[in-house]
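Thank you for making time for this one. Please have the sequence and the model open while I talk, and let us go through them together.

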Amino acid sequence: MANVKNLKKDINFVLGDIIEAVYLFEMSTTGKPTPETNALIDEAIASFDNLIAKVNAKKVENKKAHFKQINQELEQAANQLIVKINALQ
């Protein structure tokens with residue numbers, strides 16, 4: 001892991017792109033939010049909040065392993081959200 005700043009940017013960009021994909025889906029289909037798309041956006045925001053809180057945790061014994069675990073959690077959360085977006089179509 002290069003540094004904490006880059007990890008925070010990765011979290012922001014990945015989950016931001018997922019939220020953008022949900023908005024694009026809304027615009028290309030119904031033109032307005034649906035309960036399903038709102039739930040996906042809420043889930044992405046909750047994942048963002050959870051991951052940023054873990055990044056900002058001060059009392060971590062092994063920082064390298066901690067940040068590696070956060071990176072893996074980001075990848076898992078992003079993959080799950082993408083699967084849910086694809087299921088909307």
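Predicted model: local features only at pLDDT ≥ 70, side-chain atom pairs only at ≥ 80, totals over all residues.

Of the 89 residues in the chain, 28% are buried, where buried means under 20% relative accessible area, exposed means over 50%, and partly exposed is anything in between, with a 1.4 Å probe and protein chains only. Residues are numbered from 1 along each chain as its sequence is written, and side-chain values use heavy atoms, with hydrogens and water left out.

As for the overall layout, the chain has 3 helices and 0 strands, in the order α-α-α along the sequence; helices (H or I, at least four residues) and strands (E, at least two) are taken as DSSP runs, numbered from the N terminus. Along the principal axes, the C-alpha atoms fill a box of roughly 50 × 20 × 15 Å. If we take contact to mean heavy atoms within 4.5 Å, then among contacts between residues at least 6 apart in sequence, 67% join residues at least 24 apart.

Which residues have the most contacts inside the largest nonpolar core? They are I11, L15 and I70, in a core of 18 residues, and the elements that give two or more residues to this core are α1 (4-28), α2 (35-55) and α3 (63-88). By nonpolar core I mean a set of buried Ala, Val, Leu, Ile, Met, Phe, Trp, Tyr and Cys residues joined through side-chain atoms within 4.5 Å. In soluble globular proteins, nonpolar side chains tend to be buried together. To take L15 as an example, and not counting residues up to four places away in sequence, L15 touches A44, S47, F48, L51, L74 and L81.

In α2 we find D49, which counts as partly exposed because its relative accessibility is 46%. Although D49 and I11 are 38 residues apart along the chain, their C-alpha atoms are separated by 9.8 Å.

Helix α3 has 26 residues and reaches 38 Å from its first C-alpha to its last, close to the 38 Å expected. Its buried residues are F67, I70, E73, L74, A77, A78, L81 and I85, and they pack against α1 and α2. Is E73 buried or exposed? With a relative accessible area of 18%, E73 is buried, and, leaving aside its neighbours within four places in sequence, E73 is in contact with L51 and K54. Q69, also found in α3, is partly exposed, because its relative accessibility is 38%; the C-alpha atoms of Q69 and K54, 15 residues apart along the chain, are separated by 9.8 Å.

Definitions and conventions: Expected span 1.5 Å × (residues − 1).
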